[in-house]
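Please keep the sequence and the three-dimensional view at hand while reading.

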Amino acid sequence: MKPLVIRREEAGDVAAIRALTADAFRGAAHSDGTEHRVIDALRASGELPVSLVAELDGEVAGHVAFSPVSIPDGTAWWYGLGPLAVLPLRQSAGIGSALVRRGLDELRSLGAAGCVVLGDPAFYTRFGFAHDAALTFDGAPAEYFLALNFERVDGARPRGRVSYSRAFFVAKPGG
Ligand SMILES: CC(C)(COP(=O)(O)OP(=O)(O)OC[C@H]1O[C@@H](n2cnc3c(N)ncnc32)[C@H](O)[C@@H]1OP(=O)(O)O)[C@@H](O)C(=O)NCCC(=O)NCCS
């Protein structure tokens, strides 16, 4: 078996990303079934500064997207992690973690100030994400909305209700 490769998405990966994301989220309790369409919409609107694939034995087995978020206090350079997906048969082998770690490294190298994620704390706290009462998100229990401040020298501590790109909504049926 060849080693796992984490790399930026290329044009030829688009169909595989769509398929593996739909596959991974199928049946997930927290899924609305639009995650693969969200990635397409983010790409179309130019809001996919970090989009990484995990390649294992020549197969695209996982993907993670990061897109800009807005915070009403005007704090800039914050991003949202997601969707994150790994092919069901390849889960629990470290691929999701490798994608998150590399993605956060890429964000830092782009000059990002921080990152939020809506997800299970049991998974995301291992990367340094933590609940931050100053940052809120509508539509999910507070303990599932997590933040990681990259603590830039000039970094402010953001406060307020975080909004994701419109691409997350246009991807919904009727959106
Ligand atoms: C979540 C997901 C991306 C993790 O990828 P992965 O390659 O399986 O994860 P890793 O192998 O790096 O890490 C496995 C660890 O994550 C935990 N984990 C996996 N999926 C989890 C989930 N949905 N919620 C909480 N913990 C999860 C495992 O229990 C394991 O924990 P351990 O190391 O303490 O044993 C993958 O399970 C997936 O695609 N799930 C369906 C889509 C999804 O839910 N995406 C995330 C939305 S926020």
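Helices (H or I, at least four residues) and strands (E, at least two) are DSSP runs, and they are numbered from the N terminus. The model is predicted, so that local features need pLDDT of at least 70 and side-chain atom pairs count only at pLDDT 80 or more, while totals for chains, interfaces and linings use all residues. Residues are numbered from 1 along each chain as its sequence is written, and side-chain values use heavy atoms, with hydrogens and water left out.

The open space comes first. Rolling a probe the size of a water molecule over the atoms shows where empty space is left. On a 1 Å grid over the protein atoms alone, a pocket is an open set of points where a 1.4 Å probe fits, with protein on both sides within 12 Å along at least five of seven lines; a cavity is a set from which the probe cannot get out, and lining residues have an atom within 4 Å of a point. Grid points are joined across faces, edges and corners, and a volume is the space filled by probe spheres set on the points. The largest pocket has a volume of about 1300 Å³. It is lined by 37 residues, of which Phe-25, His-30, Leu-84, Leu-118 and Tyr-124 are the closest to its centre. Two or more lining residues come from each of helix H1 (14-25), helix H2 (35-44), strand E4 (78-86), helix H3 (95-109), strand E5 (114-118), helix H4 (121-124) and helix H5 (167-170). E4 gives the largest share of this lining, 6 residues. By class, the lining of the largest pocket holds 22 nonpolar, 10 polar and 5 charged residues, where Ala, Val, Leu, Ile, Met, Phe, Trp, Tyr, Cys and Pro count as nonpolar, Asp, Glu, Lys and Arg as charged, and the others, Gly among them, as polar.

Which residues are closest to the ligand? Among the 18 residues that surround the ligand, these are Val-86, Ser-92, Gly-94, Gly-96 and Ser-97; a residue is counted here if one of its heavy atoms lies within 4 Å of the molecule. A polar side-chain atom of Ser-97 lies 2.5 Å from an oxygen atom of the ligand. For Arg-126, the distance from a polar side-chain atom to a ligand oxygen atom is 3.0 Å, and for Gln-91 it is 3.3 Å.

Burial is the next topic. Buried means under 20% relative accessible area, exposed over 50%, and partly exposed in between (1.4 Å probe, protein chains only). In H2, the buried residues are Glu-35, His-36, Val-38, Ile-39, Ala-41 and Leu-42. The cover over them includes H1, strand E3 (59-68), E4 and H5. His-36 has a relative accessible area of 18% and is therefore buried. Leaving aside neighbours within four places in sequence, His-36 is in contact (heavy atoms within 4.5 Å) with Arg-18, Thr-21 and Ala-22.

Glu-106 belongs to helix H3, and its relative accessible area of 16% means that this residue too is buried. Beyond its neighbours within four places in sequence, Glu-106 is in contact with Arg-8, Val-50 and Leu-52.

Leu-146 lies in strand E8 (residues 145-149) and counts as buried because its relative accessibility is 1%. With neighbours within four places again set aside, its contacts include Cys-115, Val-117, Tyr-124 and Phe-129. The C-alpha atoms of Thr-125 and Leu-146 are 8.3 Å apart, although 21 residues separate them along the chain. Thr-125 sits in the loop between H4 and strand E6 (130-131), and is partly exposed at 41%. A polar atom of its side chain lies 2.6 Å from the backbone oxygen of Pro-121.

The backbone remains. Most residues other than glycine have a negative phi, and most peptide bonds are trans. Asp-57, in the loop between strand E2 (50-56) and E3, has a positive phi near 50 degrees. Trp-77, in the loop between E3 and E4, has a positive phi near 70 degrees. A cis peptide bond, with omega of about -5 degrees, joins Gly-82 and Pro-83, and Pro-83 is in strand E4.

Conventions. Polar contact = N/O pair within 3.5 Å; in protein donor to acceptor, adjacent residues only side chain to side chain.
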